[in-house]
Amino acid sequence: MKIHKVLVTICSFISLIAVFTLSGSAVVESAELNEPIQPLKPRQDLNLEKVNLGKLLFNDKRLSGDNSISCASCHDINKGGVDQLPVSKGVGDASGLINTPTVLNSSLNFRQFWDGRASSLEEQIDGPIHMKHEMNTDWPSILNKLKQDQSYVDSFNKVYKNGLQADNIKDVISEYERSLITPSRFDRYLQGQKDAITENEIKGYELFKRYGCVACHQGVNIGGNMYQLFGVMGDYFKDRGNINDSDLGHFNVSKNEQDRHKFKVPSLRNIALTAPYFHDGSAKTLRDAVKIMAKYQLGRTMPEKDEELIIQFLQSLSGELPAQAKGEKQ
Amino acid sequence: MSLRYFTNFVLSLFMIAILVFLYTKVQSLNIDDHYEITDTLRQHSSLNFRWNEQVLKTKLSLSSNYDSVTNPLVDLRSLQNKLNTKLSELSVESSSLKESVEQYNNSIEEKNKLIEQFKGQNAIFDNSLRYISTAIEDLVSEIDSQSSSNTKPNPTFLALKSASQTLLRELLEFNQSAQQNLAEPITEQLRILESQKKSFPDTVSVKLDAVIRHALVVVKRKPEIDSLLAKIVSLPISTNIEKIENAYTAVYDSRVRDKDFYFTTLIAYAGVLLALLAFIGYRLRNSYRQLNVLNKQLTVANETLEERVAQRTEELSTAYNELKQSQAQLIQSEKMASLGQMVAGVAHEINTPLAYCHSNIDLVKEQLPDIITLFKEFANFPNLLDAPESEQQALKEGLGTIQEAMLAFEKEGSFDEMNLLLEGSLSGLNQISDMVKSLKDFSRLDQHKVENSDLNKGLDSVLVIANNVLKNKVEIIKDYGEIPKISCSPSQLNQVFLNLIVNASQAIEDTGTITLRTYSTNNFVNINIEDTGKGIPQDILPRIFDPFFTTKEIGKGTGLGLSIAYKIIQQHGGTITVRSEVNKGTQFTVSLPVNQKTDFKNFEVAA
């Protein structure tokens, strides 16, 4: 026991010393090595049986109360994983409260939902299932319906000891979502293929970094790893007006005043496909979104030329789904 | 016996259960689990440390994205799960362990929250800090371009220029230093600039605005970030891990102590069991030894057994032979007894004719000298006739004598008498010869030859033999039916009938009747002998066919009569039954099969 403590302390010291002695040279290197955006790599460790089952269920309308919509109804894999509506539409055309985020690459987000209330994909699924204005059902009724389907029963029995269960349904859907990884031309560029994107796109990327979009939209998922205030450099909500509950963001989860209007920074992958933008669906075009971002998040005005280049860069982020993950059109 | 087995069984089960219990207790302390837990705790420490490291790196802008600050939480969560499951697998109620784990988990939550805040703050701060130099550069170049268009240098512009350049320097200094008090003058400066903003042309004031806003971000966020970092670093993470470690160690130590205890107990118990086993082994060996001795004795006994058996067999066969002999003697004596009876009867029967034959012949013999005299006279008469001297006198005398003798004969009727006497003797002799014949009929004792025998005749001959016993006392009523001849051993059956008849007559105290009935029923010949005697008491009735059972005085009967009769009838394939009523009489019924297949060679009893 004592030895562990000593070892840990020694290790800590060594690491600390290493960090601080290396930091000088690291600054120089990090410009090259440490790009704020890291290339995307598809997951290799997935259970294909689960992925396929998850795909079926993701497209299965029996997961909604009146059998009218599936996950894919709002998250159309062929449309960037969204419904392309300002706010989602649930069963009986019930209007939702918030814009539908994409499911593509969402497994890379540190938390799920705009306000980050779900810590995992599995946890997330409970949301739409029960939401009145989304699928409006519950697990017992879903299980009742699915148990009539022998092929599901058999498949689940094959994969799980306990067969068809709510947890296992969540597991397969999540596994399917984990397969929805979309490497793009830009990732190939990051990996060294310099001609994978155009000159303008490269320029756009440089601007994206220079303007400081990378302060928030960085990492593998170009976002999705922190909460940020929407309106750092100006009061977005005051300017927009008509504030509702979903505008409170992470505050709804933490009830902490500091978290008011804080949102999970969304991933910008496939951003060109997922208009309209923002949690309120207020930005109809990418240009609108970039403008708002520049103004409220960076406190910058942007020449139209730069906007254009950044948009071009953002378009290079639209990726390709792995073959087995492509969803059927519902 | 089975109860003892059962208790033994339960007892051994119990002992095994104790052994298993102790063994599992000893085994329950899995050293791998222990290492895994301590290893997990170590990983917690190092992961937390690395997380801090990443936060610091981010703070120092060594890292340009926040994945590295975000992802450790994912690993930490799975480590937490691992620790929780590992500890819950321990299944020990240790409140201090639970508490310390809870404290640790809480501190991780706290840390995560702080780091989330740090990420948010730092991203903006970092961005503003990066941007501020550009913003000030932009402002300066704008001022410059404004100034160049004016021929006269504008003193406010120059002041703004130098102020913004000072601001940049101060901000960079502020960023480098840990001193909080540097914020005050900068904030003051910014307030002044803000108030002057309106006096500048739009193009300049926009740039100035950007500078002020970003500078404000830097000034405001820096202390916040610093305090966040301080909080993050000062979180009692390692203390909490240490607490877990200590609590766990306590649990582990007590488990080790338990284990040691159980181990010692196990050893002791195993020792006891071994001793017990040794004892049982010893006992077993002893019993084996005893068994061996017994076995040897047994083999010896076995070896001698044959001899002994042979000897015994010999003894037995001798005894058997003796028994047979004595039985044969008994039977013989029984035979002799009945023979004696018979002989007595027969002698008596023969005596009477023999006596009058005797006297008759005596009488005839008395007549014989007269006849002889006569005969002599006659023989002399021719001589007289032939004598020359012809002595008339002598002749006359001779003739007179003959006449006299003949007259005497005639007078006495001697010839008739003699004739009668001889006839009487002849009939007496006939009687005797009849007697002898029946005797022969009866007493074919030694011949077992089976023949077609008429039982009625047999009965008659028996009656002749028994006559002596019966006459003057018993009236015999014969009620013979037409019965088929049967193959049998007549002498044996006669013996049976004689026995039954003699018994019947003996049962009759004064006078009475014996009724002999013969009749045939389907394939059976029945002989029924009924007397009007005193009857046989009910209590001895079942025993009358037992050998040596007798009601007669000692020496008067062998007690074998009825048992032999029973045997004989049995060997003929027949039955003998008895019905008796005290003071009324007894009735024996012998039933014999007409076509019996008995092998008479086996007729030993009566031999």
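Biologist: Is B:C488 buried or exposed?
Modeller: Buried means under 20% relative accessible area, exposed over 50%, and partly exposed in between, with a 1.4 Å probe and protein chains only. B:C488 has a relative accessible area of 0%, so it is buried.

Biologist: Which pLDDT do side-chain atom pairs need to count?
Modeller: Residues are numbered from 1 along each chain as its sequence is written, chains are lettered from A and ligands numbered from 1 in written order, and side-chain values use heavy atoms, without hydrogens or water. This is a predicted model: totals for chains, interfaces and linings use all residues, local features need pLDDT of at least 70, and side-chain atom pairs need pLDDT 80 or more.

Biologist: How many disulfides are there over all chains?
Modeller: A disulfide is a pair of cysteine sulfur atoms within 2.5 Å. Take A:C213, which is buried at 12%. Its closest cysteine sulfur, in A:C216, is 8.7 Å away, so too far for a bond. The count over all chains is 0.

Biologist: How many residues apart in sequence are the parts that A:E35 and A:K209 tie together?
Modeller: Their side chains meet in a salt bridge (a side-chain nitrogen of Lys or Arg within 4 Å of a carboxyl oxygen of Asp or Glu) at 2.9 Å, N to O. A:E35 sits in the loop between α1 and α2 of chain A, and A:K209 in helix α9, so the pair joins parts separated in sequence by 174 residues.

Biologist: Which helix of chain B holds B:E109?
Modeller: Helices are DSSP runs (H or I, at least four residues; strands are E, at least two), numbered from the N terminus. B:R77 and B:E109 meet in a salt bridge at 2.8 Å, N to O. B:R77 lies in helix α3, so the pair ties together parts 32 residues apart, with B:E109 in helix α4.

Biologist: How many salt bridges does the structure hold over all chains?
Modeller: Side chains of opposite charge can pair when their charged atoms come close. Some pairs share partners: A:R287, A:K291, A:E307 and A:E308 form one network. Over all chains, the salt bridges number 39.
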